[in-house]
Amino acid sequence: MAVDPGLLAWVEETLAPVGNMTKRAMMGGATLYLDGTIFAIVGDDLLWFKADAESDAAWDAAGCVRFTYEMGEGRTGSMNYRRAPDDVYEDADALREWTMLGVAAGARAPVKRKKPKN
């Protein structure tokens, strides 16, 4: 996966009025957070928003496909992320609207606890 620095700059600049966007490198891509809550990943120059059962209907209505990846041996995996609608790359209001749906899903996600070391 690759990360377009222009895309990251667009997202950060557009979200500045609503919160602080941070990022963390992830397998050649990036994980995006707004005020500490995960809301998206970026890979192959595409933005994928966090989704869950509660927000799936909105993503389905917009035709946003689920994030999938090859696992090897002909298997495909998927994650609870949906491809951003095309308008988020040009329309700041659309980007903020879909981001907030992703932030809400991120806030609802269960917190992963670290396993204690023996």
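This is a predicted model: local features need pLDDT of at least 70, side-chain atom pairs count only at pLDDT 80 or more; totals for chains, interfaces and linings use all residues.
Ala25 has Ala30 of strand 2 as its bridge partner. Strand 1 and strand 2 run antiparallel and are joined by six bridges. As a reminder, the strands of a sheet pair through backbone hydrogen bonds, in either a parallel or an antiparallel manner.

Stepping back, the open sheet is built from six strands, arranged in the order 1-2-3-4-6-5 with antiparallel pairing. Strand 1 (21–26) and strand 5 (66–72) form the edges, each pairing on one side only. On average, neighbouring strands of this sheet are turned by 35 degrees against each other, direction ignored.

Helix 3 packs on this sheet, where it touches strand 2, strand 3 and strand 4. The direction of helix 3 makes about 120 degrees with that of strand 3. Helix 3 covers residues 92–108, 17 residues in total. From first C-alpha to last, the helix reaches 24 Å, close to the 24 Å expected at 1.5 Å a residue.

Which residues of helix 3 are buried? They are Ala94, Leu95, Trp98, Thr99, Gly102, Val103, Ala105 and Gly106. The cover over these buried residues includes strand 2 (29–34), strand 3 (37–43) and strand 4 (46–50), along with helix 1 (5–15) and helix 2 (56–61).

Key: Residues are numbered from 1 along each chain as its sequence is written. Side-chain values use heavy atoms; hydrogens and water are left out. Helices (H or I, at least four residues) and strands (E, at least two) are DSSP runs, numbered from the N terminus. The expected span of a helix is 1.5 Å times one less than its number of residues. Buried means under 20% relative accessible area, exposed over 50%, partly exposed in between (1.4 Å probe, protein chains only). Contact means heavy atoms within 4.5 Å. Two strands pair if DSSP finds at least two bridges between them. Axes are lines fitted to C-alpha atoms, for helices over the stretch in contact, and angles run from 0 to 180 degrees between N-to-C directions.
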